[in-house]
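Hi,

Here is the structure I promised to pass on. Have a look first, and my notes follow below.

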Amino acid sequence: MQFMLLFSRQGKLRLQKWYVPLSDKEKKKITRELVQTVLARKPKMCSFLEWRDLKIVYKRYASLYFCCAIEDQDNELITLEIIHRYVELLDKYFGSVCELDIIFNFEKAYFILDEFLLGGEVQETSKKNVLKAIEQADLLQEKTENIYHSKHFHWCKKAY
Amino acid sequence: MSATTVQILRLLRILGRNHEESSETMNDLLAQVATNTDTSRNAGNAVLFETVLTIMDIRSAAGLRVLAVNILGRFLLNSDKNIRYVALTSLLRLVQSDHSAVQRHRPVVVECLQETDASLSRRALELSLALVNSSNVRAMMQELQAFLESCPPDLRADCASGILLAAERFAPTKRWHIDTILHVLTKAGTHVRDDAVANLTQLIGGAQELHAYSVRRLYSALAEDISQQPLVQVAAWCIGEYGDLLVEGNCEDTEPPQVEEEDILALLETVLQSHMSLPATRGYALTALMKLSTRLQGDNNRIRKVVSIYGSCLDVELQQRAVEYNTLFQKYDHMRAAILEKMPLVERGGARVEEEAKERQTAAQLLEEAAPAPPEPQASKLLDLLDLLDGTPGNTQHPPLLDPSPEGALVNLLDLPCVPLPPAPIPNLKVFEREGVQLNMSFIRPPETPSLLLITVTTTNSSGGDVTHFICQAAVPKSLQLQLQAPSGNTLPAQGGLPITQLFKILNPNKAPLRLKLRLTYNHLGHSVQEIFEVNNLPVETWQ
């Protein structure tokens with residue numbers, strides 16, 4: 001996979017993950033063009049399209065478009081599966097996910113994506129493992145926050 | 001999860017590519033995966049698709065490939081659009097290698113042409129065009145023509161050119177071919193390629209027996225609709241050429257509605273005046289009118305009037321034509337009939353080039369082709385070249401150069417080396433000798449530019465008299481390029497004085513047989529000498 005984009009029906013970008021090195025300007029340009037192309041598609045059309053020299057696989061879930069760009073020799077059907085798996089992960093984590101969840105907790109969405117895909121390839125096929133890893137990360141985050149906010153820490157900081 | 005399976009299959013594909021052994025060991029495994037996968041869910045379909053891709057890429061057994069094609073055929077019947085799209089794309093890749101297996105699914109593919117989704121119908125169109133062969137060409141053409149009428153505009157151009165190409169390759173009869181092209185022109189005239197007009201005129205010109213039929217069809221098509229420019233151009237040309245056949249009205253197939261001369265002229269005038277006609281079309285129509293002046297029996301006043309009107313037309317091309325035709329009517333009326341005779345068949349440059357390219361291919365593949373391209377086109381080309389070398393006396397030299405028997409041709413093709421020759425020195429050649437004046441040639445083939453031949457011509461004088469005003473000119477066949485450098489001088493002192501050297505550079509990219517004709521003029525022993533001769537016995541290494 002070369003990149004994955006999530007955008008709303010109004011064309012606002014919610015998530016972007018790039019697995020190829022591109023300059024910022026190019027990224028913006030690609031995003032703009034791709035969003036236009038995908039949004040112009042009618043609902044009954046098939047989920048694959050050819051764009052530049054890449055294959056684009058997109059799927060619409062409620063008001064969000066999940067769009068992946070894959071190379072020539074990649075399997076389009078399995079990319080659809082990957083997109084579906086990612087949505088399932090988000091659903092499990094957020095509990096019945098909606099676009100607002102992704103807007104307000106976008107960093108969690110990125111974490112989940114990073115646990116699931118690495119360098120454009122699936123790295124963890126088990127849903128359970130991915131979610132467990134995220135939970136552990138959450139726990140660590142809470143503990144650190146607690147230490148930060150504890151009185152003992154404040155007292156240590158005051159010592160400076 | 002299926003993603004792992006897919007990755008494993010990918011790995012197998014990479015391992016098996018171009019590797020016989022591993023491909024064989026994988027055969028059973030792939031067959032098993034293909035048959036045991038549950039296709040009710042998309043994940044199963046994804047795995048199956050990956051299996052098909054793997055089978056396509058490795059050196060699999062024939063049975064396995066047929067299995068892959070059948071799986072794709074099953075995909076085509078699936079209700080999910082995505083799967084059908086994926087199947088069509090993969091079948092397109094497979095059609096080159098497993099043509100017969102894909103043919104079995106032709107009806108399903110043709111059905112997919114009716115899809116509403118543009119990307120699907122485009123894929124289906126490409127695949128259908130690839131599947132056309134000589135046996136199913138009529139049925140396929142019907143389907144494709146029906147599709148042409150209903151397809152979205154951006155696909156029209158591709159569809160039209162595809163139909164024309166397929167018709168050209170597999171046309172069972174000339175008449176069917178002309179019908180098909182006519183149909184395409186009427187339906188999608190504006191979308192065809194530019195050379196379609198030229199092709200069609202050439203085709204009609206070549207089909208003697210169909211002149212009357214085609215001109216009649218074109219006339220009726222033109223009478224209905226003059227907006228499709230390529231159609232109008234072809235129709236105008238045909239009416240101009242075969243207008244007499246149109247008026248005669250004795251065509252055996254179509255019922256001949258009597259076509260009056262006045263009608264024809266009126267139609268052409270409408271074309272001329274219509275604002276929809278391109279300038280090129282107008283040019284065609286004007287020329288057609290002129291040709292009709294000799295073909296039709298009626299008097300030519302109407303035509304003269306039209307032509308003189310256009311003598312002051314704003315369009316420069318039309319004006320030029322009209323003025324020239326006007327002059328033809330007035331001053332050169334006696335020549336008019338001769339000038340406006342029926343056109344001879346124009347040689348199709350494109351087809352020639354194709355034949356030559358094919359010949360070169362067979363030479364490169366050596367024994368893989370069962371029957372090499374016939375040497376006739378090669379032979380006739382050589383004949384043409386010989387004629388072009390001005391006034392050659394060497395007509396009797398044809399037999400040793402040509403070898404009409406196929407085995408001989410094969411031997412010649414085998415002679416063409418496919419490994420670069422080591423630069424063996426080419427022997428010098430004495431080409432001319434007269435009264436002590438001698439011409440020698442030495443050849444150099446620089447190894448880094450294989451198509452270049454350098455000839456150094458050395459002229460020596462061993463006689464008792466000087467040679468003055470020595471000029472040497474050369475000619476080579478048309479496919480070669482010759483460059484003469486300035487000679488070192490044009491005087492040869494007597495008794496072995498300083499020789500004159502001159503360098504010829506010959507570019508021979510097609511490795512055509514080298515023929516060289518020389519023309520020498522000089523003054524020697526009190527009289528001027530002019531010699532024209534062909535250099536014989538040129539060593540083969542000079543041009544191979």
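Let me start with one side chain: leaving aside its neighbours within four places in sequence, Lys108(A) is in contact with Tyr93(A), Phe94(A), Asp138(A) and Gln141(A). Bear in mind that this is a predicted model. Lys108(A) belongs to helix α4 of chain A, which covers residues 106-116. Is Lys108(A) buried or exposed? It counts as buried because its relative accessibility is 15%, and the cut-off for buried is under 20%.

Now for chain A as a whole. It has 6 helices and 7 strands, and along the sequence they run β-β-α-β-β-β-α-α-α-β-β-α-α. Of the 160 residues in chain A, 41% are buried. If you take the contacts in chain A between residues at least 6 apart in sequence, 47% of them join residues at least 24 apart. The chain exposes about 9,600 Å², with 54% of that coming from carbon and sulfur atoms.

Then there's the interface. Chain A and chain B bury about 1,900 Å² between them, and carbon and sulfur atoms account for 55% of it. Chain A puts 19 residues into the contact and chain B puts in 24. There are 2 salt bridges between the two chains. One of them joins Glu50(A) to Arg123(B), with the closest N and O atoms 2.9 Å apart. On the side of chain A that touches chain B, the elements giving two or more residues are β3 (48-51), α2 (76-94) and β7 (121-122). α2(A) gives the most, with 6 residues. That side divides into 7 nonpolar, 4 polar and 8 charged residues.

Cheers

Definitions and conventions:
Residues numbered from 1 in each chain as written. Chains lettered and ligands numbered in written order. Predicted model: local features only at pLDDT ≥ 70, side-chain atom pairs only at ≥ 80, totals over all residues. Heavy atoms only, no water. Helix = DSSP H or I, 4+ residues; strand = E, 2+ residues; numbered from the N terminus. Buried < 20%, exposed > 50% of the residue type's maximum accessible area, 1.4 Å probe, protein only. Contact = heavy atoms within 4.5 Å. Areas by Shrake-Rupley, 256 points an atom, 1.4 Å probe, with all protein chains shown as cover. Buried area = accessible area lost by both parts, 1.4 Å probe. Salt bridge = Lys/Arg side-chain N within 4 Å of Asp/Glu carboxyl O. Nonpolar A, V, L, I, M, F, W, Y, C, P; charged D, E, K, R; others polar.
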